[in-house]
Amino acid sequence: MTLATWGWLVLLFPLVGSILIGLLFRVLAPRAAGAVGTVAILASFICGIGALFALQAEPEGSRHVASSLWTYASGGDFRIDLGIYLDPLSVFMVLVVTGVSSLIHIYSFSYMQSDEGYRRFFSYLNFFVFSMLVLVLAGNFVMLILGWALVGFSSYALISYWYRRGTATAAGMKAFVINVLGDVGLYIAAILIFAQVGAIDYGTVFAQAPDTFANNSWAINAICLCLLVGAFAKSAQMPFHTWLADAMEGPTPVSSLIHAATMVTAGVYLIARCHPLFELAPTSADVAAFVGLATLLISGTIALAVTDLKRIIAYSTMSQIGYMFVGVSIGAYSAGLFHLMTHAFFKALLFMAAGSVIAAMGNIQNIDRMRGFRKALPFTAAVLVIGSLALAGFPGTSGWFSKDEIIDFAHFRGGMYDVMWIGMLVGAFITGVYSFRIVFRILPGRACDEAKHLIETGHVVHGDPVNPLTGEQEDSEVGYPGPEHHVAEQAPGMKIAMGVLALLALIGGLVQIPGVTEVISNFLAPTFADSHFAHLHPSTGEAWTGLVIGGVISIAGILTAWLLYVRSPEVPARLIQRFTPLYTLFVNKWYGDELVDWLVVKPAQGIGRFFNNVFERFVINGATAGVSGLTRSAGAAVRELQSGMIRGYAVVMLFGIVGIVIYFLIRSI
C-alpha cells in the first residue's frame, strides 16, 4: 500500500469504531463496545506503523506526500481539498497519539467496567482520537481548523461525561468556551494567510511565505500571533490555562488521554508545523517562548500547594507543555517533540496510577487523606515512582534526556535565551519537589483506613457516591464511576497498560542519547531541513554538561521533597505559616479564575446587561413600537378615505395627477 493509503486508514478506524458503537449501543454488549473501541485504535496504530515504513522507504529529500479524496469547494484561485499531508512530523504524531491512546483504551476497558455509560464512553473516546488525528494529518488550514474544532467538541463531551454532576458540566462548558476563543484566533490566521498568500494548503503557503512576507513584518506577526491564540487555548498556556485543572472532572482515562497524547499537545504541534512562518516572525516566536516559560513556572508553584491528586498532575502537564513551547519556539524542534513523546509516556502512566489509588480510596482525591499505599498497592506504587522519576528528570529516565535537551538549547543560543535557561532550571527543581511530594504523601507511612482495608481484606472501599470536589451526594446511575472500583492490582488489562508505559518512561529516552543515538532528530530532519536552526545544536560535550546539571537539580528537588514530607513533615506547615501570602497565592492558582472573571466575564456580563436593559428596551423596542404605531396610523387614515363615495375618489385622483404634473414640471426646469 502507498503512504497515502496508510494515512487514510489511520483516520478510518477510529471513526468507524465511534460510529459503530454509537449506532449499535442498544444491541452491543458493554464489553463488546469496549473491545470494538480498543481494536479500532490498535488498528489505527498498526496503520501508523505501516505509514512509518512506507515513509522510510522514500528518499530523504521527498519524504512528504499530500493526498486528496475530493475538492470540497473551489472558486477562482480558492480551493479546499479534503486532503491529508504525511511527512515525518505527522507520522511521528500519529504514532504517539495512537500508541498511547491504545494503552489508555486497554486501561479503560477495566477501569470503566461498572460505569453505566460504558458504551457511550468508548464511542466518545474513539471520536476524540479521530479528531486529534484529523488535526495532525490535515493537509491545509481548513482541515486543520476542522480537526481543531472537533477536538474542542469531543473534549467537551468527555469532560462533562458524567453529565448529572454539576461541576462536570460546568467544567466541560468552560473548556469549550475557552477553546472556541482560541479557535477564533485560528480562523483569523487562516483568513489572513489566504489574503496574503492566496492559498491555504501547507505546501504552497510554506513555499511562498519567504517571498510574500518581509522578515518580522506586521503581516506575518499578525498571522503568527493569531495562530498562538489558538495554540495557547488548546494547550492551556497562559492566559487560557484555567480550563485544564477543571477538566479533571472527567473520568481518569479522559484526563490521561487529554494530557498525554492528544489535546494539550496540539499547540506544540501547530508551532512545529508552522515553523516556516514563525521563523519569519521571530517576535511572535519569542512571545510563545516567554509565555511557555511563564506557564511552566506559575503552574509549577501551584502544583506545590494544591492537594487534589489529579489536579497536581494537571498542573504538572501545563508546566511540561511550557517546556515544549519554549523548545519549538526557539528552534529546538526535535527536542520539543522528543519531550512531547516522553511526556506522553510518563504522564499517561501517572494518571493511570492516580486512577488506581483514587479507586482504592473510594473516589477520594485529596492527598492529605492518603497514606501507606506502598504495601496496599505495590504494583501501582512501583509505577508511580517510575513515572515521578521520569517527570522529575531523574538521571537515566526518559524525562531527563528530553527536558534537558530543551534547556541546553536555550543556553546554546545565549543572549536573552539565557533567561529562559535559568528559568527552566528553576522549573526543573520545582518539578522534582512537587512530583515527589505526590510519592512521599501517598506511599510511605502508616496506612490510612482505605489502604488498611485493602491490605486486610483484599477489597477496595466502596464509599457513598459523592462529588469528590464538593462532597455533595450524587446520582449513582449516571454521574458516578459505578458501584465497583477497579485498581491495577486486580485488573490484568490495567496492569499491562501501566507496565508498558512504565517501561517506556524508563527507557524511552535511550533513542536520543547525545553523541550515541539521535533517532528522533534524524527521523524529523526532513521536516525541519528548511529551518534556519537545522544546523544549530550544542556539541556532545555541551549536551552532556547540561544533562549533568539537570540531573543534579532533579536530585536536589527530590531530596528537598524527602526532607519536607518524610524527614521533617512538620516543616511544610511552618513554611505555610511563615509565607502565608505566598502560599495563599499558590493555592488560589495565582487567582487566574478571578482575573479572567474580572477582565472578561464581568465586562461581558455588563455589556450583556446594557444591551438587554437599555439598548433593547429603549432602542429596539422603541423603534419596533414606533414603526408599528406609524403603520396603525397610516392604516386608520386609509380606512377613513375608503368611504365608497365616487366623488371623493375622483378628488383624490385629481390631486394625485396635479401632484405628478407639478413634479415633472419642476424636474424639467
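This is a predicted model: local features need pLDDT of at least 70, side-chain atom pairs count only at pLDDT 80 or more; totals for chains, interfaces and linings use all residues.
Local features were considered at pLDDT of at least 70 and side-chain atom pairs at pLDDT 80 or more, whereas totals for chains, interfaces and linings use all residues. Residues are numbered from 1 along each chain as its sequence is written, and side-chain values rest on heavy atoms, with hydrogens and water left out.

The largest nonpolar core holds 188 residues. Such a core is a set of buried Ala, Val, Leu, Ile, Met, Phe, Trp, Tyr and Cys residues joined through side-chain atoms within 4.5 Å; buried denotes under 20% relative accessible area, exposed over 50%, and partly exposed the range in between (1.4 Å probe, protein chains only). The members that touch the most others are F141, L227, W243, L277, F373 and I442. Helix α15 provides the largest share of this core, 19 residues; helices (H or I, at least four residues) and strands (E, at least two) are DSSP runs numbered from the N terminus. When residues up to four places away in sequence are not counted, L277 is in contact (heavy atoms within 4.5 Å) with F141, I193, V205, F206, A209, I220, I223, C224 and L227. A second, separate core comprises 19 residues, among them V326, A332, I406 and I407.

Helix α17 (residues 378-392) is largely enclosed by the rest of the structure, because eleven of its 15 residues are buried. The buried set includes T380, A381, V383 and L384, and it extends to L389, A390, L391 and A392. Just after α17, G393 adopts a positive phi of about 75°.

Eleven salt bridges were found in a search of the whole structure, each defined by a side-chain nitrogen of Lys or Arg within 4 Å of a carboxyl oxygen of Asp or Glu. In one of them, R165 pairs with E249, with the closest N and O atoms 4.0 Å apart. R165 is located in the loop between α5 and α6, and E249 in the loop between α9 (242-246) and α10 (252-260), so this pair ties together parts that are 84 residues apart in sequence. Both partners are buried, R165 at 3% relative accessibility and E249 at 5%.

A further salt bridge joins R369 and E450 at 3.2 Å, N to O. This pair links distant parts of the chain, 81 residues apart: R369 lies in the loop between α15 (333-360) and α16 (373-376), and E450 in helix α20 (residues 449-457). R369 is partly exposed at 43% relative accessibility, whereas E450 is buried at 10%.

D593 and K589 also form a salt bridge, with their closest N and O atoms 3.8 Å apart. D593 is partly exposed at 27%, as is K589 at 29%. Elsewhere, salt bridges that share partners connect R165, E249, D308 and R311 into one network.

On the surface, F153, Y156, M173, F176, V177, V180, L181, V184, Y187 and I188 form a nonpolar patch with about 840 Å² of accessible area together. Patches consist of residues with over 30% relative accessible area and no salt bridge, like charges being joined within 9 Å and nonpolar side chains (Val, Leu, Ile, Met, Phe, Trp, Tyr) within 5 Å; accessible areas come from the Shrake-Rupley method with a 1.4 Å probe, and for residues only the protein chains shown count as cover. Helices α5 (141-159) and α6 (166-197) each supply at least two residues of this patch, and α6 gives the most, with eight. I188 belongs to helix α6 and is partly exposed at 39% relative accessibility.

Technical notes: The expected span of a helix is 1.5 Å times one less than its number of residues.
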